[in-house]
Amino acid sequence: MSLRIRHITFDCADPYLLARFWSDLLGYRENPRDPNPRDAEEALILDPQGTAGLLFIRVPEPKAAKNRVHFDVWPDAADGGAPLTRDQALQRALELGARLVDDRREPDGTGWIVLADPEGNEFCLERSRAERSPSLESAADEHLRVELDHAYDSQLRLLGHARRRLAEIAAQRKRLDRDISVLAARSPSHPGLEALRAKARERARAEQRTQALVHELRAEVSSFRAEIERHRTDPEVRQTQSSIDQLNALLDTLPGVGD
């Protein structure tokens with residue numbers, strides 16, 4: 001059995017304000033179907049994929065000691081732009097309301113910065129991937145790998161949706177075919193037959209549209225492969241190539257879709 005984290009929960013005095021701080025810092029968002037009221041006893045924000053989140057719950061007692069668990073964060077380019085440097089991210093965090101607790105940056109650029117959120121919860125700010133790279137060329141390669149990882153994740157989510165959709169359509173068409181066969185055998189002139197046949201045709205069109213999406217995914221994966229070929233000597237890129245091969249293998253399992 002395996003479990004996944006749904007929420008990381010914070011006790012706090014003001015759930016709404018603390019949720020706003022972490023949402024602005026991390027690029028998280030409210031659940032659009034259940035926004036956070038200003039005076040609520042709890043506030044939830046979700047990651048960009050909507051799969052995990054931070055939950056802030058109002059409690060009467062104040063924070064009394066150093067956190068036993070804390071976040072290590074670093075600048076990222078999840079929004080598609082150039083990532084901030086660690087020092088730029090520090091300035092951004094301070095503007096949002098963070099407090100500097102301990103500066104552990106070293107002269108050679110290593111190290112980290114200990115910060116606290118508006119209610120004193122500690123977290124550490126580290127260098128971005130690009131700042132860890134030894135040269136501009138390797139930094140560019142690292143940025144490309146990050147972009148490929150994001151693209152792969154996006155296509156994998158679309159693939160999961162396409163597979164579920166095709167399975168639903170196949171089940172619906174099977175039921176419709178059975179109902180049409182039974183009704184046609186009992187009453188070939190039954191007025192409901194045409195309605196059932198119309199539904200079956202609509203399901204066929206939906207299946208074609210979904211298969212078109214799958215073929216579009218294949219084209220995008222091929223473009224990722226072309227980029228990977230240009231950097232095949234890098235072992236991390238070879239790992240990404242393996243992920244793309246896995247995606248292609250999953251695509252081959254889709255019902256009604258093949259080369």
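**Figure 1. Bridge between strands S1 and S3 in the predicted model.** Gly53 in S3 is the bridge partner of His7. The model is predicted. S1 and S3 run parallel and are joined by 6 bridges. H1 packs on the sheet and touches S1, S2 and S3. The direction of H1 makes about 160° with that of S3.

**Figure 2. The open sheet of S1, S3 and S2.** The sheet has 3 strands in the order S1-S3-S2, with mixed pairing. S1 and S2 stand at the edges and have a single partner strand each, so one side of each is left without a neighbour in the sheet. On average, neighbouring strands of this sheet are turned by 15° against each other, direction ignored.

**Figure 3. The largest nonpolar core.** This core holds 19 residues, and the members that touch the most others are Trp22, Ile45, Leu54, Phe56, Leu115, Phe123 and Leu125. At least two core residues are supplied by each of strand S1 (7-12), helix H1 (15-26), strand S2 (42-46), strand S3 (53-58), helix H2 (86-96), strand S6 (111-116) and strand S7 (122-125). H1 gives the largest share, 4 residues. A second, separate core has 6 residues, including Ile180, Leu183, Leu193 and Ala200. In soluble globular proteins, nonpolar side chains tend to be buried together.

**Figure 4. Surroundings of Trp22.** Leaving aside residues up to four places away in sequence, Trp22 touches Gly27, Ile45, Leu54, Phe56, Phe71, Asp117 and Phe123. Among these neighbours, Ile45, Leu54, Phe56 and Phe123 are listed with Trp22 as the members of the largest nonpolar core that touch the most other members.

**Figure 5. Packing of helices H1 and H2.** Two packed helices are described by the angle between their axes and the distance between the axes. The axes of H1 and H2 cross at roughly 160° and come within 10 Å. H1 is therefore roughly antiparallel to H2. The crossing of the two helices, H1 and H2, is right-handed. On the H1 side the contact involves Phe21, Asp24 and Leu25, which meet Arg92, Ala93 and Leu96 in H2.

**Figure 6. The hairpin of S5 and S6.** Strand S5 (residues 99-105) and S6 run antiparallel and are joined by 6 bridges. Arg99 stands opposite Ala116 in S6. The hairpin has 5 residues between its strands, and Gly109 in the turn has a positive phi of about 95°. S6 is mostly covered, with 5 of its 6 residues buried.

**Figure 7. The hairpin of S6 and S7.** S6 pairs with S7 in the antiparallel sense over 4 bridges. Phe123 in S7 is the bridge partner of Leu115. With 5 residues between the strands of this hairpin, Gly120 takes a positive phi near 90°. Leu115 and Phe123 are also among the members of the largest nonpolar core that touch the most other members.

**Figure 8. Setting of the close-ups in the whole protein.** The secondary structure of the protein comes to 6 helices and 7 strands. From the N terminus on, the order of elements is β-α-β-β-β-α-β-β-β-α-α-α-α. The protein has 259 residues, of which 33% are buried. Of the contacts between residues at least 6 apart in sequence, 57% join residues at least 24 apart.

Definitions and conventions: Residues are numbered from 1 along each chain as its sequence is written. This is a predicted model: local features need pLDDT of at least 70, side-chain atom pairs count only at pLDDT 80 or more; totals for chains, interfaces and linings use all residues. Side-chain values use heavy atoms; hydrogens and water are left out. A nonpolar core is a set of buried Ala, Val, Leu, Ile, Met, Phe, Trp, Tyr and Cys residues joined through side-chain atoms within 4.5 Å. Buried means under 20% relative accessible area, exposed over 50%, partly exposed in between (1.4 Å probe, protein chains only). Contact means heavy atoms within 4.5 Å. Two strands pair if DSSP finds at least two bridges between them. Axes are lines fitted to C-alpha atoms, for helices over the stretch in contact, and angles run from 0 to 180 degrees between N-to-C directions. Angles under 35 degrees count as roughly parallel, over 145 as roughly antiparallel, 65 to 115 as roughly perpendicular and the rest as oblique. A crossing is left-handed if the near helix is turned anticlockwise from the far one by less than a right angle, and right-handed if clockwise.
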